Each structure stands twice: as C-alpha cells, then as structure tokens.
Amino acid sequence: MDYLKTVVPSQLLAERGSNLVVINPGSANIRIGLAQHDAPISVPHCIARRTSQVPKKNVQDQVTTAQHMERERAYDIIASLLKIRFLDEEGANNQYPQKMGRVDAFPPQSNNKKETVIPWTNVFEKSTSSSSEEGNSLKSGEFSTEKEGNANEETNLTEPKYREHIFGEEALRISPAEPYCLRRPIRRGHFNISLHYPMQQVIEDMHAIWDWILTEILRIPRSQRHTYSAVLVVPETFDNREIKELLSIVLRDLCFTTAVIHQEGLAAVFGNGLSTACVVNIGAQSTSVMCIEDGVTLPTTQITLRYGGEDISRCLLWTQRHHQTWPPIRTDGLTKPIDLLMLNRLKESHCHIREGEVEAVAIVHSYEEGAPPGSHKTRLTALNVPPMGLFYPMLLVPDVYPPPPRSWFSDSEDMLEETWDFPRRPDMSDGYLAGGGSGFYPMWENYPVFQSKPKKQDAIGLADAIAKSILSAGRIDLQRKLFCSMQLIGGTALTEGLISAIEERVLHAIPSHEAIDTVEVLQSRTNPASVTWKGGAVLGILDFTRDAWIHREDWIKNGIHIGSGRKYKDSYFLQAQTMCFTNS
C-alpha cells in the first residue's frame, strides 16, 4: 500500500503497462495497443485473401416496398421536426422558413484530409529486384519480339506476384477487379458465421488479423508474447461461446501468458473515471445501452439495437440520390468497401443535427472497376437527416446478413444448457445442476440465466432504448442518477448536435407518471471512440491481485471444466467475468 501512495500515475503506467496488451475488437475496427500508450491503434477489422473463385455474395441489399414506404414516412417525420422540406416537396411549397447552414464555411484545412482521393491498394508484393529488371526489359523491348519463345521463361520470373493476404484499410481499398475475397470476422456485433463463412474460417481470419497487428504494427513477435498479458474488452452483444473462442485465440494461438475479459460498458465507465452511468455505445454496425452501478454492470438493463454509424453513412447516400444531388456514378456501400470508406468520411465531415436546411459543397469520388478514381464537386443537402435515423430507425434500412446456423448457439460445454453432459455422482443433489437453484457458489444464486440463443435486439429508437434501459434499473434514486449520468461512446458520439438531441428526446420518452424531470449527457474526458480501450487499460493496470485472470496452460489443458474453484473454468461465469475485478 505504501507503493500506491507514493507512485505517480505515469510511473504506474510505465511499470505495469509495458507488457499488457489491450484488445478491443469490433465489427468494423479493432483497437489495440499497449496499456502504457495514451491511445490505441485503430485498424479496420477485415482481411482480404487471394482467391481463384468468385466469392459468393453473403448479403441481401434488396429494399422491400414496405421498407421503402416506412423510410419515406420516417424522413417526413424528421423533416417536420427539423423544419426542412419534406422528401418530395419543393422549396417554394415549404411551410417553414428556410434556415441555411453551410458546413463548408469552416476553415478549408479541416476537411482537406477527408476529401483526398482514396487510392487503390497495390496488390503485388514489393520487390526491388523485379522492378529493376522490369525497367531493363522495357529498354530492350525491341529485341524481345524476336525471341518470344525464349523470353517467356524470363518474363515469368519477373512477373509481379500477388500478395496472399492483405489486412486493414488496404484490404478495403482493393479494386473489385482483383482476385481477392474480403472477409469481416465480426458483423453486427457477432461472429459473421454463415453457410459460406464457417466458424473455423472466422476464427482463422481473426487470428491472422490480430497476429499481423501484433507482429507488424506493435512489433511483438510470437517468440516474445509469453512475457505479455492481454486484456480483452468485448462488446455486450457477444455470447458465451464467442467469448470463449476469443479466449482460445488469445491464449492458445497468439501465445499470451494470461488474459482477462471486460465488457465495453464497464470499461468505458472506468475510462472516464466514473462509477455509475448509463453507457450508450454507438458502434459502426450495432448500438448497445447498459447501466453500471458502482462499477458493476446491471444485466437486466442491457438493450441491443441493430444499427450504427455505417447505416447513417448509407442513409446519407440514399438521401442525396433521392434529392438528385449525388453525381451519376455507381456508388455502392455494400459491395464496394472503398465507397463505404468515402461515405464514412463525408458523414464525419458534414453530417450533424440542427434545425433548418443544412447543405455543404463536397468532393465526391467515384471508384469504377479498372479505372483511376475520379472526383466530382457537388452540393449535398439535408445533411441533418441521416443522424436522426438513430431516433427513427425506420430511416436506416440495414443490410441483411443470414443468421448463423442454429447449432452454433448450442454450447455443449455450457452448464446452463440441457446439452451439458457429465457423469452424475450419487451424492450430487439437484441443486448442483443447471436451473436447479443454488449452484457451486452461493454468490451466483440470483445471477440471471442467459439462454443459448442470439441476444435479443430491439427495433426501437435510441431515445426510447435509453429510457427503457434506465427505467428497468429499479430504484427511483438510481434511475434519477442514471438519467443525469448518460455517457456516449463510439465514433458516432462525436456527431455535432447529437448530445442535445439525445437529452431532449430522452426527456420526452420518459412516461409522464415517472417522477423524473432532468436528463444529462456527461462530457467525455477521453476520445469517445477509444474510451473503452482506455478503460480496459486502466482495469488491467489497477488489477494487482489478478484473481480472475486466465492462465494459458490452464485454459489449454482444462478449458471449460466443471468442479473447479476458479471462476473462469465454467462458461457459467463468463457472463459475469467483467464483475470479477470489483467483486474480488
């Protein structure tokens, strides 16, 4: 204890964070870095593998007539609130006086980076010898025609060689004409498992991406990882089996010596130096709401919403096309990842929430197959409508991915499922079995049982979800405290005007009979996009006893194993893993 009284924070970070890697995987990006660093490295969570076959399309982008009508209806509702023109209304017939807001009125240097052309990725391996030979062959090209037959072998030796794997943003910038298949291991907050993307391939891709980041970016080779520990900060959307597979990747495949799991909501609270808050995590493809009280998550308050920042970006494209402000180019945010990159940049630069017409002059880029990128200057309109889709999700028509096979959610090693199979001793009472009341540890008697199926996703707006989550917390004093301690995290939380919009709409979403009249979103002390990673670093550094940490040898030899006193041995306790630190 004397050490803690005298040590300064910078010294504590340097001493305990130098061999601690914090990993925060997400659907679109993975944030990773050493705990002693101020900020993580953010890398698109994807891999492109060279293939000789045309990959099967694993997404349904058709919008039904009913969805189209609901989207138009949602647009008109938003337009009336923002006092802008309705979807099919001319400016002369508008009943509200127009308010013009020019986003491009800001200093030009602030948007220069966002408007630069995104180049295609060079898919060939770099080789200095081959490039020099290529230059020499060009000079003596007139002689090559005479001896074509003999030159074929030499040409084959100097032909550029395709890279077998491409990671991160480079994978997103590959031309559709190149022989590559882009894969995203996580989609909509879950493993992206389907008939065309089996579980084993998902796990292999995730291992390859993480191993590449550790080796090439963090410079931690496999031979040195036995001296490092890992903190896994996982989304609340993950199920038990997904968490266990991540543990196997970290401990068995990446060779970390120990690891611990924390949920994003709890990590975000610690990242901002709080103890009680309602954490609203607006990710790229999903949004979650979770309440934390005194450093402990309240599982009954968790709500998952199936939309995020990427849906806002695609809604921006739909809005501009409907208003005929988008250039006549083939932009597709679903099948062309480089187009989604451009849409995300436009959204971050120009979209925000405020009343009145919001327009901006922007540079839109076209990426056609087999052609260099082109630039088009255009005036975008209704830029305050797409972010409002968070409150009216009918405006955001999500891409539909087929769900994983049903057998994926049947965990034969889970104590809480009927599939749990182990020899029963005569002296074992029913209380020791799943669902039989008291278990091995009395502290888990009242812990809610999670079913072996995908976690429920609500189809409601963000304000209604926040109000529903907090009101399910129980005590009125806790509810009042949570309504005044809302915390926005995720990249979309940086949207201008979003905080005031949430405060206003959450207040209106509270039923009139509830004795609550004040709501407040707390200002984040850390970048909302990386606060969960920062909280994981804080939790890992301050955990001196490490009672809940999982050792590599134990996990490989025993894995999920009944009858042990260690909490992590049973999947029964993986849901509560994030609370082990505070309960110790």
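These are my notebook entries on a predicted model of one protein chain.

**Entry 1: the whole chain**

I began with the overall counts. The protein chain has 584 residues, and 51% of them count as buried. I found 19 helices and 20 strands. Next I looked up the contacts between residues at least 6 apart in sequence. Of these, 72% join residues at least 24 apart. The chain exposes about 27,400 Å², and carbon and sulfur atoms supply 51% of that area.

**Entry 2**

Strands of a sheet pair through backbone hydrogen bonds, either parallel or antiparallel. I then checked β1 (residues 20-25) against β2 (residues 29-34). They pair in the antiparallel sense, over five bridges. Ile23 stands opposite Ile32 in β2. I also looked for a helix against the sheet.

**Entry 3: the cores**

Which residues touch the most other members of the largest nonpolar core? I noted Tyr75, Phe391, Leu462, Ile466 and Ile502, out of 48 residues in that core. I followed Ile466. Leaving out residues up to four places away in sequence, Ile466 touches Cys278, Val280, Val289, Met486, Ile502 and Val506. A second, separate core has 39 residues, including Ile47, Ile186, Ala230 and Leu232. In soluble globular proteins, nonpolar side chains tend to be buried together.

**Entry 4: aromatic pairs**

I counted six aromatic pairs in the structure. One of them is Tyr75 with Trp318, an edge-to-face pair. Their centres are 6.3 Å apart, with 70° between the planes. Tyr75 sits in helix α3 (residues 65-82) and Trp318 in helix α12 (residues 309-322), 243 residues apart. Both Tyr75 and Trp318 are buried.

Why is the pair of Trp120 and Tyr367 edge-to-face? Their planes stand at 80°, and over 60 degrees counts as edge-to-face, so the pair qualifies. The ring centres are 5.7 Å apart. Both residues lie in loops: Trp120 between α4 (109-115) and α5 (128-139), Tyr367 between β16 (357-366) and β17 (374-380). They are 247 residues apart.

Trp120 is partly exposed, because its relative accessible area is 22%. Tyr367 is buried, with a relative accessible area of 1%.

Last, I noted one aromatic cluster, formed by Phe124, Tyr162 and Tyr180.

Terms used. Residues are numbered from 1 along each chain as its sequence is written. Side-chain values use heavy atoms; hydrogens and water are left out. A nonpolar core is a set of buried Ala, Val, Leu, Ile, Met, Phe, Trp, Tyr and Cys residues joined through side-chain atoms within 4.5 Å. Buried means under 20% relative accessible area, exposed over 50%, partly exposed in between (1.4 Å probe, protein chains only). Contact means heavy atoms within 4.5 Å. Helices (H or I, at least four residues) and strands (E, at least two) are DSSP runs, numbered from the N terminus. Accessible areas come from the Shrake-Rupley method with a 1.4 Å probe; for residues, only the protein chains shown count as cover. Two strands pair if DSSP finds at least two bridges between them. Rings of Phe, Tyr and Trp (its six-membered ring) pair if their centres lie within 6.5 Å; planes under 30 degrees apart count as stacked, over 60 as edge-to-face and the rest as tilted.
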